[in-house]
Amino acid sequence: MLFKELALSAPILRAVEEEGYTNPTPIQIQSIPAVLKGGDLLAAAQTGTGKTAGFTLPILQRLMDSKPTTTSARRQIRALILTPTRELAAQVQQSVLTYGKYTGLKSAVIFGGVGANPQINAIKNGLDILVATPGRLIDLMGQGHISLKEIEILVLDEADRMLDMGFLPDIKRILASLPKTRQNLLFSATFSSEIKALANTLLKSPALIEVARSNSTHEAITQKIHPVDKNKKQALLAHLIKANDWQQVLVFTRTKHGANKLVTQLEKDDITCMAIHGNKSQSARTKALADFKSGKITALVATDIAARGIDIDQLPHVVNYDLPNIPEDYVHRVGRTGRAGSNGVAISLVCIDELALLKDIEKLTKQTIPQEIIKGFEVDPNIGAQPIKATRQTRPQSKSKPKHPPKPQATQSKGRLKRATSR
Ligand code: AMP
């Protein structure tokens, strides 16, 4: 199928063509007509599927087609796109600017961590589309800088992550300020019961779109486990980067402290790298991402929240230095690579402490990830498992119902890490 066949007008098609895209991705083939029809939408789509253009293009079209209902001389915000993180907000806004450059529509992005004044000025000048993270939106609404009374279309992008990050009360406050009649689009990579509950309250007879099975990992991604002792992970990572001559690798750690420590160690091994996490200033995060994208640094070491939504074309390697506490985060992490048709490799360095986490991930993604022991990094069978400390990124409900009880001893057999007893 061609973009030309999708009932988008010439100014939008021209911008799409300039990006070099002729064929819509599977999600775009489904979402563009569904959004153009004007109904609500529930889409199971991971980043990397082309979902941003999947909602941006038809929103631009609908705003071009509809006349603002207000008589006010100033443009009023008619489409609101909410994202969980600053990085994702900035990327979505970039897509709105790219695809909307010939439409005459105006847009802005607001998020925390940077001064509010330029954002307030952009809003004062009048906007059609606002991309926002919930916290800054609520702040500026509270100060009377933003009115959402004319909203026609609402998008919740990466809604699962917004709930994981505790944004539900903020989302509810924002929803209460919107007109009752509007189009709602909800995008989520995974479908927990909380997401289903939100969808039930928010969406009216939504069109359902599922491109990759929810909670599944991308087919273009080769996944592999390297069993290794915890104290040898750093040496193994440095070995993999050097021996395979990796030029661009996104590395995930469980904690901010772990990210900083790993950067210091990799630098000692002459691997150029930077960390990106919530304790870094917005400008440091922006610089780290820009240097990583441009190839100035080889490794970007990130925590889950900071890396959420990072869009890097053709990122070849993702490494789980630590496995995530939340199995859905594994899906999000490996989804950074193998995007929009390119192939990627996702490698997890798994020590004996992480076997329960691995089991949860394999259960969620309905697969057994192949394991390969790297010569010189064989697991010492005399090392026992230690409990993993809880972090802020552990699911809140796991307080009442522990997801990962203390682990039993594990043994290694035939190159595959195995738990001695099952849970
Ligand atoms: P997203 O899932 O929205 O994060 O998009 C992932 C990547 O796919 C982005 O780098 C987009 O620029 C790219 N992309 C979006 N639509 C297409 C398309 N129709 N053909 C090729 N690449 C695309």
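Which residues does Leu63 touch, not counting residues up to four places away in sequence? In this predicted model, Leu63 touches Arg78, Ala79, Leu105, Asp128, Ile129, Glu152 and Ile153. The chain has 423 residues, and 55% of them count as buried. Its secondary structure comes to 15 helices and 15 strands. Among contacts with a separation of 6 or more, 76% join residues 24 or more positions apart.

**Leu63 in helix α3**

- Leu63 sits in helix α3, which covers residues 51-65.
- Its relative accessible area is 2%. The cut-off for buried is under 20%, so Leu63 counts as buried.
- Leu63 and Ile153 are 90 residues apart in sequence. Their C-alpha atoms are 9.1 Å apart in space.
- Ile153 is also one of the residues that Leu63 touches, and strand β5 spans residues 153-156.
- Ala79, another contact of Leu63, is a buried residue of strand β2.
- Ile129 touches Leu63 as well, and strand β4 spans residues 129-132.

**Parallel strand pairings**

- Strand β1 (residues 41-44) runs parallel to β6, and four bridges join them. The partner of Ala43 in β6 is Phe187.
- β5 also runs parallel to β6, again with four bridges. Here Leu156 stands opposite Leu186.
- β2 and β5 are parallel and joined by four bridges. Ile81 stands opposite Val155 in this pairing.
- β2 pairs with β4 in the parallel sense, over four bridges. Leu80 has Leu130 as its bridge partner in β4.
- Together these pairings link β1 to β6, β6 to β5, β5 to β2 and β2 to β4.

- In β6, Gln183, Leu185 and Phe187 point one way. Asn184, Leu186 and Ser188 point the other way.
- Six of the six residues of β6 (residues 183-188) are buried, so the strand is largely enclosed by the rest of the structure.
- β2 (residues 79-82) is covered on both faces. Ala79 and Ile81 are buried on one side, Leu80 and Leu82 on the other.

**Helix α6**

- α6 covers residues 134-142. Its buried residues are Pro134, Arg136, Leu137, Ile138, Leu140 and Met141.
- The cover over these buried residues includes strands β2, β3 (107-110) and β4. It also includes helices α5 (117-124), α7 (159-164) and α8 (168-176).
- Just after α6, Gly144 has a positive phi of about 80 degrees.

**Helix α12**

- α12 (residues 282-294) has 13 residues. From first C-alpha to last it reaches 18 Å, close to the 18 Å expected at 1.5 Å a residue.
- An α-helix has 3.6 residues a turn, so residues three or four places apart point the same way.
- Gln282, Arg285, Ala288, Leu289, Asp291 and Phe292 are the buried residues of α12.
- These buried residues pack against helix α4 (86-99) and strands β9 (249-252), β10 (273-276) and β11 (299-302).
- Gly295 follows α12, and its phi is positive, near 90 degrees.

**Ile123 and the largest cavity**

- A search of the whole structure finds three cavities of 30 Å³ or more. The largest has a volume of about 50 Å³.
- Arg74, Arg75, Gln76, Ile77, Ile123, Leu127, His145, Ile146 and Ser147 line the largest cavity.
- By class, this lining has four nonpolar, three polar and two charged residues.
- Ile123, one of the lining residues, has its place in helix α5.
- Ile123 is buried, with a relative accessible area of 4%.
- Beyond residues up to four places away in sequence, Ile123 touches Arg74, Ile110, Leu140, His145 and Ile146.
- Among these contacts, Arg74, His145 and Ile146 also line the largest cavity. Leu140 is a buried residue of α6.
- Ile123 and His145 are 22 residues apart along the chain. Their C-alpha atoms are separated by 7.4 Å.

How values were computed. Residues are numbered from 1 along each chain as its sequence is written. This is a predicted model: local features need pLDDT of at least 70, side-chain atom pairs count only at pLDDT 80 or more; totals for chains, interfaces and linings use all residues. Side-chain values use heavy atoms; hydrogens and water are left out. Helices (H or I, at least four residues) and strands (E, at least two) are DSSP runs, numbered from the N terminus. The expected span of a helix is 1.5 Å times one less than its number of residues. Buried means under 20% relative accessible area, exposed over 50%, partly exposed in between (1.4 Å probe, protein chains only). Contact means heavy atoms within 4.5 Å. Two strands pair if DSSP finds at least two bridges between them. On a 1 Å grid over the protein atoms alone, a cavity is a set of points where a 1.4 Å probe fits but cannot get out, and a pocket is an open set with protein on both sides within 12 Å along at least five of seven lines; lining residues have an atom within 4 Å of a point. Grid points are joined across faces, edges and corners, and a volume is the space filled by probe spheres set on the points. Ala, Val, Leu, Ile, Met, Phe, Trp, Tyr, Cys and Pro count as nonpolar, Asp, Glu, Lys and Arg as charged, and the others, Gly among them, as polar.
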